[in-house]
Amino acid sequence: KEFEARTGLFMETLDLDEFFAQLLVSEGFTSLEEVAYVELDELLVIDGVDDSTAAELQARARDHLEAKAKAAIDAARALGAEDSLIQFDGLTPVMIEALAKDDIKTLEDFATCADW
């Protein structure tokens, strides 16, 4: 089931056919982050992947991740998240969006979480 889910993820987000997506999964890739930021050599060991194909895979993965991060920050801002929270080191855009949905919109709000 995990194999199918990961295959689907790569097909959808990287615009790959099922066979190629399955190759990525069978080579041990489990997330877009891995595809985006792994050393190029790790992609080049896959049959049929040359330098330009590996670079294109990484570009597609990075583009998708960047778009997802931007959408999360935009959503957090629309919910009222302030720059103090958005710029806080250690929080990912998805975390910031989740915090904003829980009405934690400032760094001061976030600090009160430590009191729980």
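This report describes the overall fold, surface, charge and selected residues of a predicted model.

## Overall architecture

The protein chain contains 8 helices and 0 strands. Read from the N terminus, the order of elements is α-α-α-α-α-α-α-α. The radius of gyration is 18 Å, whereas the globule rule gives 13 Å for 116 residues, so the protein chain is more spread out than a compact globule. Along the principal axes, the C-alpha trace extends over about 50 × 30 × 25 Å.

Contacts between residues at least 6 apart in sequence were also examined by separation. Of these contacts in the protein chain, 28% connect residues that are at least 24 apart.

## Burial, surface and charge

Of the 116 residues in the protein chain, 33% are buried. The accessible surface amounts to about 7300 Å², and carbon and sulfur atoms account for 51% of that surface.

The charged side chains of the protein chain comprise 9 positive and 28 negative groups. The centres of these two sets are separated by 6 Å.

## The aromatic pair

The structure has 1 aromatic pair. Its members are Phe-88 and Phe-110, whose rings are 5.7 Å apart from centre to centre.

## Loop residues with positive phi

Asp-15 is not a glycine, yet its phi is positive, at about 55°. The residue is located in the loop between helix H1 (2–14) and helix H2 (18–26). The relative accessibility of Asp-15 is 62%, so this residue counts as exposed.

A positive phi is also found at Asp-103, which is not a glycine and has a value of about 65°. Asp-103 sits in the loop between H7 and H8. Its relative accessibility of 53% is over the 50% cut-off, and Asp-103 therefore counts as exposed.

## Selected helix positions

Gln-22 is part of helix H2. With 27% relative accessibility, Gln-22 counts as partly exposed. When neighbours within four places in sequence are left aside, Gln-22 is in contact with Phe-3 and Thr-7. Gln-22 and Phe-3 are 19 residues apart in sequence, and their C-alpha atoms are 7.8 Å apart in space.

Ala-71 is located in helix H5 (residues 51–78). Its relative accessible area is 44%, so Ala-71 is partly exposed. Ala-71 and Thr-13 are 58 residues apart along the chain, and a distance of 15 Å separates their C-alpha atoms.

Conventions: Residues numbered from 1 in each chain as written. Predicted model: local features only at pLDDT ≥ 70, side-chain atom pairs only at ≥ 80, totals over all residues. Heavy atoms only, no water. Helix = DSSP H or I, 4+ residues; strand = E, 2+ residues; numbered from the N terminus. Rg over C-alpha atoms; globule rule 2.2 N^0.38 Å. Buried < 20%, exposed > 50% of the residue type's maximum accessible area, 1.4 Å probe, protein only. Contact = heavy atoms within 4.5 Å. Areas by Shrake-Rupley, 256 points an atom, 1.4 Å probe, with all protein chains shown as cover. Lys, Arg positive; Asp, Glu negative; His and termini not counted. Charge placed at Lys NZ, Arg CZ, Asp CG, Glu CD. Phe/Tyr/Trp six-rings, centres within 6.5 Å; stacked < 30°, edge-to-face > 60°.
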